[in-house]
Every structure is written in C-alpha cells, then in structure tokens.
Number of protein chains: 2
Amino acid sequence: MSDRLLIDQVLAGNPTAVARAISRVERGGTIARDTIRAIFSHSGRAHIVGVTGAPGTGKSTLVNELAKEFRRRRGQVAIIAVDPSSPFTGGAILGDRLRMQDLTGTGIFIRSMATRGYLGGLAAAVADALVVLDAAGFDPIIVETVGAGQGEVDIAKNAHTTVVLEAPGFGDDIQAIKAGILEIADVLVVNKADREGANRTAAALEMNLSFNKDEGAQAWRPPVLKTIALKGEGVTAVADAIEKHRAFLGEHGLRESKERARIEDELVNVLQRELVARALDVATPQRIADLIERVASRELDVYSAAEQVLGKFDGRRPTKDAGQV
Amino acid sequence: MSDRLLIDQVLAGNPTAVARAISRVERGGTIARDTIRAIFSHSGRAHIVGVTGAPGTGKSTLVNELAKEFRRRRGQVAIIAVDPSSPFTGGAILGDRLRMQDLTGTGIFIRSMATRGYLGGLAAAVADALVVLDAAGFDPIIVETVGAGQGEVDIAKNAHTTVVLEAPGFGDDIQAIKAGILEIADVLVVNKADREGANRTAAALEMNLSFNKDEGAQAWRPPVLKTIALKGEGVTAVADAIEKHRAFLGEHGLRESKERARIEDELVNVLQRELVARALDVATPQRIADLIERVASRELDVYSAAEQVLGKFDGRRPTKDAGQV
C-alpha cells in the first residue's frame, strides 16, 4: 500500500489501515514521524478515557463492557490495552485472544501494546497510536493500564477522563491509595461489587477523596461507583459518569488546559530522544565505551562523563550529511 | 556544615551526614552533581539488592527482617524504600513511621523516596542516593519498589540481585507474571506462606521459570522460597540465596557486565536531562508557548515543533554567559 493510500484509508477509518499505521508509529524514527505528520491535523476530536487498576481487579472485563456500551451510544470505539506482561510469559497473549474473541463482531478496535521494545519508550508509542486512532475517527478511545509507576502515570496523562478501578478483598489495602493514583482519578469504580467488603472499599475511597480534594465551587468531585463487570452490572453508570466528566471539561475550558500540558510534556520527550540520538552520534562508539570503562573503574563519575560527550557536541547531526551543510 | 566536612563525614559513615547528602542529590542540578563528584571514587563496593512486589505482599515487613538479618551477618545495612504513595494521602507516611520504629536501635539506615518531585526523575535520584550510601560503606543496600511500570524497572536495573515477592490468595493471578517482572528475578519469594494457596503460588512460579529461562550450564536458576516475614520465618534462607547470587555474579564476571549496562543507561539519562535543559534555555518561554499553541490547534505536530526548537540550538548554553564566550 502506498503511503498516501494508507493515510487516506486511516482517515476513512479503515481498521486494517489503522492497525498498519499504529505498527508504523510503534517502530519510531522517521517512519513514525512521517505518519504522524500526515495525519496530525485530523486529530484532536476524540475523548480519551484512561482506565487504570491493579491486576485482578477485572479491568479488562470492565473495559470490554464499557467499550460495548459506548459502541451502542456513539460511533467507533477503540481500546489500547497497555499490557505490562512480558512477551516471554505468553499468559497475556492468551488473555488477549480471549478478550478479542469477546469483542469479535462488535466493531470495536482493540490493540495491545507491551511495556518494552519501543525505541522512543512506551509513553511515546501510546501517544502516537492515540493520534492515529483519533485521526481515524475513533471516539472515545479507551487506554487501559495497570496504573503503577511513573511510566504508567505518563500514559495516564494522555487521558481526558481517568477511571481508577478497585476490587474488594485485595489484601488489607486499597491499591489506588498505595499507588498514589487516587489523585488522578476522575471516576472511581469498585468492581466485583458482589464480593465481600465492596461497601468497605467504596467507603474507604470516599473518605480518601474528601481528605484529598479541595472542593472549590468549580471542582469535579469523582463519583465512586460499584460494578459487576462480568455480569455487565453498573457499566452504564460508569459510561454516564465519563460523559458527564467530558461535558464538565468542555464547560470549564479544562480540556484545552489538559491538552496544553500534555503537548508540553510530549515536546520535552521528543526533544530528549532527538538530542540524545544526536549527541551519541557525535561521540564514536569507542569513545562511549571508554567513558563507561572509566566510570566503571570509578575514575570518572557519570556527570563528568556526560560533560565529556557534550563538550564535542554542537547540537547538529554531523554524520552522513556533514559534507552537504 | 562545610561541603568538605559533610563529604568527610559521609565517607566515615555518619548517618546524619548521609541523610543530608541524600537530600542534596535529591535536589538535582549542580548541588547533586558536586556531591556525587566528591564521593564517586569511593563507591562501587556495595551489593545492591532490589526487592520488588505488589502492595499487600508484605514487602516492607520482609525488607525489615532481611535488613536485620544482614545487620547480624555484615556491617552497615541501608534501605531505600521507593514509595509510590502520594504525599497527599498520608497513608505512607504513617506506614513509614511504624516501619522506622521497628528499625529503631538496630543501626539500620532507612530512607523513603516518593515517586515524584525529583527534577531529574526518581530513577536518577535513587541512583545518586545509592552512590552516597555505597561511598558511606553501607553493604548491602536494599532498594524496595512496588515493581510495576517502566519507572520501577529502571530502578530495578540498579540492583545486583533482584528479589521478587508474591503472596498467595491475591486474586486469580500471579502479580509478577502479569507485571512482566518475573524475568528480572534472581530470587523468588512467596511470603505469607501460612495462607491458603501458598504451595499453588510457588508451583506456578516454578512452572513459569522453567518456561522462561533457558538453562545454560552457567545460568543462575532463581530459587523459589517461602517466608512468613511477620514471624521472621524463612528470612535467613532468603539472605542465603542473596549471598549465593552475589558470589555467583562475582565468579562469572557478571557484576562487571551489569555495572557497565547500568552506567550506559545512566549516561544516556544524564545526557537527556542536560541537553533538554540546554535546548529549552535557547528557546524563549514565549516561543515555547507559541509552539504549544500551534500544536494544540493542530497546525503543527509535536515532531515538527521539536525541530523548530532544535533549529536554533547549537548544543551550548547561550544564556547568561553568552557575552563571555
């Protein structure tokens, strides 16, 4: 397929073309950049919903049900499942097949992304995949993450509405509190609500909310909802809460400010990747190896080693194109 | 305290000086760099043990017991508890106080580090804190993390021996498998082994190990151990396994190769931070704001915006010192 044809088909919402374009942006480098450039002006319409929760909370089931609910309400729905499982274990792949079967024939687009193997890092790959899905007309797009660690928080930044999922009987603690992700939650869900302790978990979340959030007149107060995703119970209420939050963001001009903050982060990320690539291009591999050796022998610290790399660096790529400048 | 005196006292192993030096490296920038430079040549001796596991697995209890065991066996032991809890929730701080009480009078140094608020990122702050503790003569140093997400994996890279913790009855799944951290494990521990399902969890870990690891003649096969950390049971066996792995690394020259890989990563991280700071220095805040605006309105994509920043960038800091060059 020619580049132009691929882009046209992405913009027409063709799932095969979308899948192929995501593979391109996952590869990083020039091919990712060119793909994004060609479609970027068509993006910016989708509502991005992050769903985050520890393994075992029933996250995939809720996300599938939520996607089906939105599919009934709106047009094209997509899921990006950020799967921290290693490619080695195989478990996730099996799980994915089961999930995908559940979505077969529903017209919902689903894509798994693993936590490693991306040149520019996972967060960048997810951000670029979101641009592809957005430009292809998917709305909402649900991004599902395990929700712990900085990398996951970086991904959550892409979302306009963040749903944090808990389940009762998960040891003594509420995972979201422990993981410090409660303050990014716009909607809180206690799934597996037919299990013992569901009310206790919901109450603990409520209590922590009132502690954490200062309630300005214009503040959004995250609702705490209960679901039994396996039976589809409570899912419409979650979809309602997401729609309500979407409207709230729009009314208060908060979507725009979220967007700007996210773009600034992305800009810094792109600068990082590009600049390091250039700096390492200037230093020869032998020179880098020497510096590492000197740090390993404690002759030099890492900061001084970095300075030695930068000493020869003038910000440009000096390599192949040097003669043409 | 003068800088020189502080450094001397760090090298003498004075806990107050060590705490102060860690606060300095946490601040980032010049002060962190100068501190590291002054002590770096004294580092490189400590064995760094990473302990990673989901909230609720009893990680803190095991780490405390393990620290006490090493304290009995060797000299100075330190713990860095990487705590993803938000400063807002307060829960962690309370938990920390309880932990620290448990260690009072044991001569074990403990330091909590939160997941945000570090200029250069948490992984960098932890790496620098490890240099301080190492130079101060602590050995082993235990780094405790929740173990999910890329940020946590980055921190785990600092460890010479990684202990991955599970607990039975944690929903249907093994957390480490789901989180893809099984392949970084050198020692596997099923804690709360008096609970139902402990043997099943241990067996599942064993099975996944045999799937995942190719067993060369020289390969380390991670042992699967059971503990009841609350009662101190099984902790000596974990300490033994860590010592054995330490010896294994030494015998096969693997400590050196781990070190080199880690130094290379750190070098790239330092380059990233430094270069982005320089590039953003060149562009005026107004120029950055304009670019963000143009991306927000989809007139420009992020990659093109980054190129515009870099177009004016020659790798040097042009600001205050420009006249003196």
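Trainee: Quick one to start: is A:Arg24 buried or exposed?
Mentor: Buried, because its relative accessibility is 14% and the cut-off for buried is under 20%. Bear in mind that this is a predicted model.

Trainee: Where does A:Arg24 sit?
Mentor: In helix H2 of chain A, which covers residues 15–27.

Trainee: And what is A:Arg24 in contact with, leaving aside neighbours within four places in sequence?
Mentor: A:Asp3, A:Leu6, A:Ile31, A:Ala32 and A:Thr35.

Trainee: Let me zoom out. How many helices and strands are there in chain A?
Mentor: Chain A has 13 helices and seven strands. Of its 325 residues, 54% are buried.

Trainee: What share of the contacts in chain A comes from residues 24 or more positions apart?
Mentor: 75%, counting contacts with a separation of 6 or more.

Trainee: Over to chain B. Which residues are buried in helix H1?
Mentor: B:Leu6, B:Ile7 and B:Val10, in a helix that runs over residues 3–11. They span an arc of only 95° around the axis, so they lie on the same side of H1(B).

Trainee: What do those buried residues of H1(B) pack against?
Mentor: Three helices of chain B: H2 (15–27), H3 (29–39) and H6 (122–135).

Trainee: What follows H1(B)?
Mentor: B:Gly13, and its phi is positive, near 85°.

Trainee: You mentioned H2 and H6. At what angle do H2(B) and H6(B) pack?
Mentor: About 155°, and their axes are 9 Å apart. Angles over 145 degrees count as roughly antiparallel, so that is how H2(B) runs relative to H6(B). The crossing is right-handed.

Trainee: Which residues meet there, between H2(B) and H6(B)?
Mentor: From H2(B) you have B:Val18, B:Ala21, B:Ile22 and B:Val25, and from H6(B) there are B:Asp128, B:Ala129, B:Val132 and B:Leu133. By class, this contact of H2(B) with H6(B) has seven nonpolar residues, no polar ones and one charged.

Trainee: Now between chains. How do the axes of H11 of chain A and H13 of chain B cross?
Mentor: At roughly 60°, with the axes of H11(A), residues 254–282, and H13(B), residues 302–311, coming within 9 Å.

Trainee: Why do H11(A) and H13(B) count as oblique?
Mentor: Roughly perpendicular begins at 65 degrees and roughly parallel ends under 35, so H11(A) and H13(B), crossing at roughly 60°, are oblique to each other. Their crossing is right-handed.

Trainee: And who meets whom between H11(A) and H13(B)?
Mentor: On the H11(A) side it's A:Glu266, A:Leu267, A:Val270, A:Leu271, A:Arg273, A:Glu274, A:Leu275 and A:Arg278. On the H13(B) side it's B:Val302, B:Tyr303, B:Ala305, B:Ala306, B:Val309 and B:Leu310. The contact of H11(A) with H13(B) divides into 10 nonpolar residues, no polar and four charged.

Trainee: What joins B:Asp139 and B:Pro140 over in chain B?
Mentor: A cis peptide bond, with omega about 0°. You'll find B:Pro140 in the loop between H6 and strand E4 (141–145) of chain B.

Trainee: What about A:Arg298, what is its phi?
Mentor: Positive, about 65°, although A:Arg298 is not a glycine. A:Arg298 is in the loop between helix H12 (285–296) and helix H13 (302–311) of chain A, and its relative accessibility of 11% makes it buried.

Trainee: And B:Arg298, where is phi there?
Mentor: Near 65°, again a positive value in a residue other than glycine. B:Arg298 is in the loop between H12 (285–296) and H13 of chain B. B:Arg298 is buried, at a relative accessible area of 12%.

Trainee: Last one: where is B:Thr227?
Mentor: In the loop between strand E7 (224–226) and helix H10 (235–251) of chain B. B:Thr227 has a relative accessible area of 1%, so it is buried. Leaving aside neighbours within four places in sequence, its contacts include B:Leu62, B:Val189, B:Asn191, B:Lys192, B:Glu233 and B:Val238.

How values were computed:
Residues numbered from 1 in each chain as written. Chains lettered and ligands numbered in written order. Predicted model: local features only at pLDDT ≥ 70, side-chain atom pairs only at ≥ 80, totals over all residues. Heavy atoms only, no water. Buried < 20%, exposed > 50% of the residue type's maximum accessible area, 1.4 Å probe, protein only. Helix = DSSP H or I, 4+ residues; strand = E, 2+ residues; numbered from the N terminus. Arc of directions from axis to C-beta. Contact = heavy atoms within 4.5 Å. Axes fitted to C-alpha atoms, helices over the stretch in contact; angles between N-to-C directions. Parallel < 35°, antiparallel > 145°, perpendicular 65-115°, else oblique. Left-handed = near helix turned anticlockwise from the far one by under 90°. Nonpolar A, V, L, I, M, F, W, Y, C, P; charged D, E, K, R; others polar.
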